[in-house]
Amino acid sequence: MSRPVQFNNTVKFQGIPEGYMGEGFMATNFEKVVSLARKNSIWPLPFATSCCGIEFMATMASHYDLARFGSERVGFSPRQCDLLMVMGTIAKKMGPVLKQVYLQMAEPRWVMAVGACASSGGIFDSYSVLQGIDQVIPVDVYVPGCPPRPEAILDGFMKIQELVDKEGLRRRNSDQYRDLLAGYGIQ
Amino acid sequence: MALTNDIIREKLTEKFGDALTDWQEPYGMLTFTAPKELNLKILQHLYDDETLGFRFLTDLQAVHFPDRKGEELCVVYHLHNMRDNVRIRFKVYTDIQSPDVFSATSLYQTANWMERETYDFFGVNFIGHPNLIRVLNVDEMDYFPLRKEYPVEDQTRIDKDDEMFGRGTY
């Protein structure tokens, strides 16, 4: 007799990367394995300063459930996290603090600017507000909206996953990347 | 007997005479103007006097009036008598070229941060303040942003189209 309620009957598995398989072994591209692991275990660091942070709380909670994307573990120490999610208005006085948090994260690290304020200063075209966090740190994905709905944040998160998936293992050692960081006065 | 505006006014005129001017009662709140040299004496008198008993400085801030030549900056004190639940407010005006006003920190500790904030945004120089430095804005800021000659918008922005923000040249 089948149970009246079925749980977890729509579980999706990540595909196995292309490779040569035999009994008890598998040979494949190392980069593919690493990016498969990385993109499905991103630890986000929420840097929430205002209303976008509230949307993120909804994204994290059971209804939208960020954990489905392998981000069950939201970290609150920059040293352990892979993805800095900046949500909300960043005042100019907060700029150096944000940069410090970014510097404390270990490579590889990604940054997502959630909402109009983090992306461009939003409606706060004011002497006290940073006009977009990309003035102090490099940003990988911008999520538009004021504030964005949880679906939009999830979409941005999936874009990050895509970036993580496609990123070559040597990118962080490349000259271009070093130049990018140097453009922000890092290292 | 309840403390009314008339009693307060009478008491203050008795002590300071004609120095206090521009008496008003907008929405029932007694308001007057005083010479800036007298600000501490008035605060002290309002604090000490048994009948008046204004012992809580609720707020302190400045207003910039570019059109009032010679008295552009106005420092406003809001006081509260907790016993009778009466509030009053008085203003002192100062020249923007020499924005020196005596600090109320010796009488009210709470004036410390409020005077720092007022200095931060309007550049009022509070004489006798123990630590008159910026409190809210970035330390590198080299102007006083709420003075009217400075636009509120960020002048370093490069990507914002004025027309999209409703202030373009039509």
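The secondary structure of chain B in this predicted model comprises 3 helices and 7 strands, where helices (H or I, at least four residues) and strands (E, at least two) are DSSP runs numbered from the N terminus. Read from the N terminus, the elements follow the order α-β-β-α-β-β-β-β-α-β. Residues are numbered from 1 along each chain as its sequence is written, and chains are lettered from A in the order in which they are written. Local features need pLDDT of at least 70, side-chain atom pairs count only at pLDDT 80 or more, and totals for chains, interfaces and linings use all residues.

In chain B, 5 strands form an open sheet of mixed pairing, in the order S1-S2-S5-S4-S3; two strands pair if DSSP finds at least two bridges between them. Strands S1 (21–24) and S3 (56–64) of chain B each have a single partner strand, so one side of each edge strand is left without a neighbour in the sheet. From one strand to the next, the twist averages 15°.

S3(B) runs antiparallel to strand S4 (residues 73–81) of chain B, to which 8 bridges join it. Within this pair, B:Phe56 lies opposite B:His80 of S4(B). Helix H3 (residues 111–122) of chain B packs on the sheet and touches S3 and S4 of chain B, contact being defined by C-beta atoms, placed from the backbone, within 7 Å. The direction of H3 makes about 10° with that of S3(B); axes are lines fitted to C-alpha atoms, for helices over the stretch in contact, and angles run from 0 to 180 degrees between N-to-C directions.

The C-alpha trace of chain B spans about 65 × 40 × 30 Å along its principal axes.

How values were computed. Contact = placed C-beta atoms within 7 Å.
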